[in-house]
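I wanted to know how two chains meet in this model. I kept notes as I went.

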Amino acid sequence: MKRGGLAFAAMAIATPAFAASGQSATAAGQAQAVIVAPIIAVSLNDLDFGSLTSSRTASGSITVGAEGGATYAGGTTAACAGGGACSGIAPARFLVSGEAGRSYTVSAPTAITATGTLAGGGSAPPLAIDALSVHLESHAGSVTSIGQLDNKGEDRIGVGGRLNVPAGTAAAHYRATLTIMVTYS
Amino acid sequence: MLGAGLASLAAPALAAAPSVTVTADQALRFGAFFTDTTGTRTVSATGSVTGSAIVPLTGTAPGPAQFTFTYDRGNNANVAYSLLISVLVPGTASQVNGGVTGTIARFDTDLPGVSALLPGQSAQVTLVGCQRQICSRTFRVGGTLQVARTSGGADLTIPLPIVVTVLAEL
């Protein structure tokens, strides 16, 4: 009788060795990624200092604010009494487009140089444009280089600056290139 | 005597059948990034992150997927054993969302002895050190996401099924 009992015990211990194969299970995992749309800035209008006059004896300047408005200093005055040739005075404006809600950084130079063409032809001495300032619509009222795209994925940037006009500057048409760069932050 | 012996020996024969479960504990996270047209980002099973032709951006931190494999041998025999298992990613993991296509063509894992998991190809792994009725292992899966972008951006959620089969209890 005892021998029979031992035989049963040996069979019971051996059972797990046959238990494993073929069992299979699946887990429904996933992979996630956020591919962000590119951010771009498109020029809406130029930084325009309008038409102005310069003094033969006194240097001057015109400052266009990043949010608009112009002030004259020293020997520089507007070439008109309002309207006409002066109506074009405006800060540069850029439309920034990208992924809604994302913050971004704008980089802009602090100074650039305008090259001129004399009214009678030929090159005029270059003029310095400095004190370039940036205004982000998403940060109205504060000076910052970090903006945030709205729920449409847009923001607007204004850039103003100061055109310095030395005494005796001849009549000429001036142009400069203003490049800004926007990157996600 | 014989009657008593039969009663005590009957218990193991009634033990439950072995069972296997796999749970997805965490998704494979590639985070947020920008690519102009095409780019890749690799998140390894160990958590290292590399990229090509992409600009990483703030957002969800990248990290590997995590799965937990659990084997219930169906009885309480206190005998050390190992498991030979196969791990399979059934097919190519990809998604098209608008102008963005994401494809994960290669995976890696921290399971012992497996350096790469290719879609459709199973890898065999021996899990040693199992002792009790329940033998459980947590493992991580990384991958390389290839992105092709023609326009806009997209949130990609790509199914990543993992099939684990117990081939043998050793």
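**Entry 1: polar contacts and charges.** I began with polar contacts across the interface of chain A and chain B. This is a predicted model, and I found 17 residue pairs in polar contact, both partners at pLDDT 80 or more. The rule finds zero.

**Entry 2: chain A's side.** Which elements of chain A each supply at least two residues of the side that touches chain B? I noted helix 1 (2-14) and strand 1 (23-36). Strand 1 of chain A gives the largest share, 14 residues. I then sorted the residues of this side by type. They divide into 18 nonpolar, ten polar and two charged.

**Entry 3: extent of the contact.** I counted 30 residues from chain A and 51 residues from chain B in the contact. The two chains bury about 3,300 Å² between them. Of that area, 62% lies on carbon and sulfur atoms.

Entry 4: Six strands form an open sheet, in the order 5(B)-2(B)-1(A)-12(B)-7(B)-10(B). The pairing is mixed. The edges are strand 5 (55-57) and strand 10 (123-130) of chain B, and each pairs on one side only. Neighbouring strands are turned by 35° against each other on average, direction ignored.

Entry 5: In what sense does strand 1 of chain A pair with strand 2 (residues 28-34) of chain B? I read the pairing as parallel, over five bridges. Within this part of the sheet, Val34(A) stands opposite Ala32(B) of strand 2.

I then checked strand 12 of chain B.

**Entry 6: on within chain B.** I finished with strand 7 (residues 81-88) and strand 12 (residues 154-169) of chain B. These run antiparallel and are joined by six bridges. I looked up two positions. Ser86(B) stands opposite Thr165(B) in strand 12. Val87(B) stands opposite Val164(B), also in strand 12.

Methods
Residues numbered from 1 in each chain as written. Chains lettered and ligands numbered in written order. Predicted model: local features only at pLDDT ≥ 70, side-chain atom pairs only at ≥ 80, totals over all residues. Heavy atoms only, no water. Contact = heavy atoms within 4.5 Å. Buried area = accessible area lost by both parts, 1.4 Å probe. Salt bridge = Lys/Arg side-chain N within 4 Å of Asp/Glu carboxyl O. Polar contact = N/O pair within 3.5 Å; in protein donor to acceptor, adjacent residues only side chain to side chain. Helix = DSSP H or I, 4+ residues; strand = E, 2+ residues; numbered from the N terminus. Nonpolar A, V, L, I, M, F, W, Y, C, P; charged D, E, K, R; others polar. Pairing = 2+ DSSP bridges. Axes fitted to C-alpha atoms, helices over the stretch in contact; angles between N-to-C directions.
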